[in-house]
Amino acid sequence: MSRFQSSRCVLALLAAVFVLAGSVRAAQLTMYVNPIEAPYVTECVKEWMRQTGNEVTILTGPAASSDVLALYQQQLAAGTSDVDIYEVDVIWPGLLANHLLDLTPYSEGREKLHTPPVIANNTVNGRLVAMPLYLDAGMMYYRKDLLDKYNKPIPATWPELTATAKAIVDAERAAGNQRLWGLVFQGRAYEGLTCTALEWIDAYGGGTIVDADGKITVNNPAAVQALKEAASWIGTITPEGALNYAEEESRGVFQSGDSVFMRNWPYAWALAEEEGSPVKGKIGIMPVPAGGPGGKSTGALGGWGLAVSKYSKNPELAADLLFYLTSAEGQKKFSLLGTYTPSVVSLFSDPEIQAKNPVAILEVFNNAVPRPAGVTGSKYNRVSSEFYNAVHAVLSKKSTPEDALRSLEASLRRVSRGGW
Ligand code: GLC
């Protein structure tokens, strides 16, 4: 090799080392997260950026689950490499698995720290496609001050809750508080209504739409009774506007002090209790009531995790950040910034989390009812949209519960053709 050739070789080598060092130093990851959680996630990634010297850009879009799914599906179908990590709903692994990276080669067994059902939920055909960030369960918020003022106990059943809400609203309105309603919930035709209505039906013993064996069970007398009760609230204890509410609209009404009860998720606790909130110090939480005396109180099982896009140009680094955020330390920090319930088992009894977050220890997590996402797999989204549209038609009095459930059963049979 001539001197000229060998010095060119050295130069090329140096250039390669430089590019490598440059790319390690300047790697840039992009994450898509829920807008409410973005400030918390931003706080959590800071330490990882400091430790590794990489940059993370946090993107946010719509807050409501169904809107987020539509956006992700568009991006993933186009195979975009612009987003490395997506925050994913617990019901999506079956829908999105083909676009997500199998995290098993990166996990080093760290999934074993988490409660097993959520890891099973996130594993599709043996591929671990997401790691949990937090668990969710539907619950009822109530105005402690108003229940005390009218000497009402915390209701244990839906008929009791309905009567309590009505009595307080009537009395408060008579005294001039025209803005007060009895109950707000997620009544828009979207995934949140699937959770809410599943709770009503479960409370009356009416099953889970499709059972664990894949049988369509939704057309039954207990479900009819549950939907009859719910339809009776609209315009009486619940504003008509609730037919268009997602989580944030419900929280807006409750946090302004304009509803006695609210169905929502744990995140709302931190916000309703923050400095300047009109209801700070005046609220309590309870499970979603049972249908009747001796019945089971309930709450839909939800939650979000993190997944790496199969189209990411930095899968290894993205997996590193993902496991950092979903580790015991990552989940603890996240959980304490808001009021989120961790999925890392050792954190269930963490005294700091329990002190800050009364929501995390509520028995609803033990009684929580899962949506039939596992059993219906990639067809879950169609099942859910048939269900929430049927319920929405009942709430807006376009259909009777009997008719709506009969035709829902027929449509679900069509969706299930060829198997789930
Ligand atoms: C919450 C739950 C999620 C659910 C959604 C419905 O974000 O965590 O699982 O699908 O609400 O609106």
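In what sense do strands E7 and E9 pair, and over how many bridges? Strand E7 (residues 139-143) and strand E9 pair in the antiparallel sense over four bridges.

## Basis of the model

This is a predicted model, in which local features need pLDDT of at least 70 and side-chain atom pairs count only at pLDDT 80 or more, while totals for chains, interfaces and linings use all residues. Residues are numbered from 1 along each chain as its sequence is written, and side-chain values use heavy atoms, with hydrogens and water left out.

## Strand E9 and its partners

Helices (H or I, at least four residues) and strands (E, at least two) are DSSP runs numbered from the N terminus. Two strands pair if DSSP finds at least two bridges between them. In the pairing of E7 with E9, tyrosine 142 stands opposite phenylalanine 261 of E9. Strand E8 (residues 181-184) runs parallel to E9 and is joined to E9 by three bridges. Valine 184 has methionine 262 in E9 as its bridge partner.

Buried means under 20% relative accessible area, exposed means over 50%, and partly exposed lies in between (1.4 Å probe, protein chains only). Strand E9 covers residues 259-264, and six of its six residues are buried, so the strand is largely enclosed by the rest of the structure.

A salt bridge is a side-chain nitrogen of Lys or Arg within 4 Å of a carboxyl oxygen of Asp or Glu. The structure holds 17 of them. Side chains of opposite charge can pair when their charged atoms come close.

Glutamate 172 is buried at 8% relative accessible area, whereas lysine 149 is exposed at 55%.

Another salt bridge joins the side chains of arginine 143 and aspartate 145, at 2.9 Å from N to O. Arginine 143 is buried at 7% relative accessibility, and aspartate 145 is partly exposed at 25%.

Lysine 332 and glutamate 352 meet through their side chains in a salt bridge of 2.8 Å, N to O. This pair links distant parts of the chain, 20 residues apart: lysine 332 is in helix H14 (residues 328-337) and glutamate 352 in helix H15 (residues 351-356). Salt bridges with shared partners join Lys332, Asp350 and Glu352 into one network. Glutamate 352 is partly exposed, at 48% relative accessible area.
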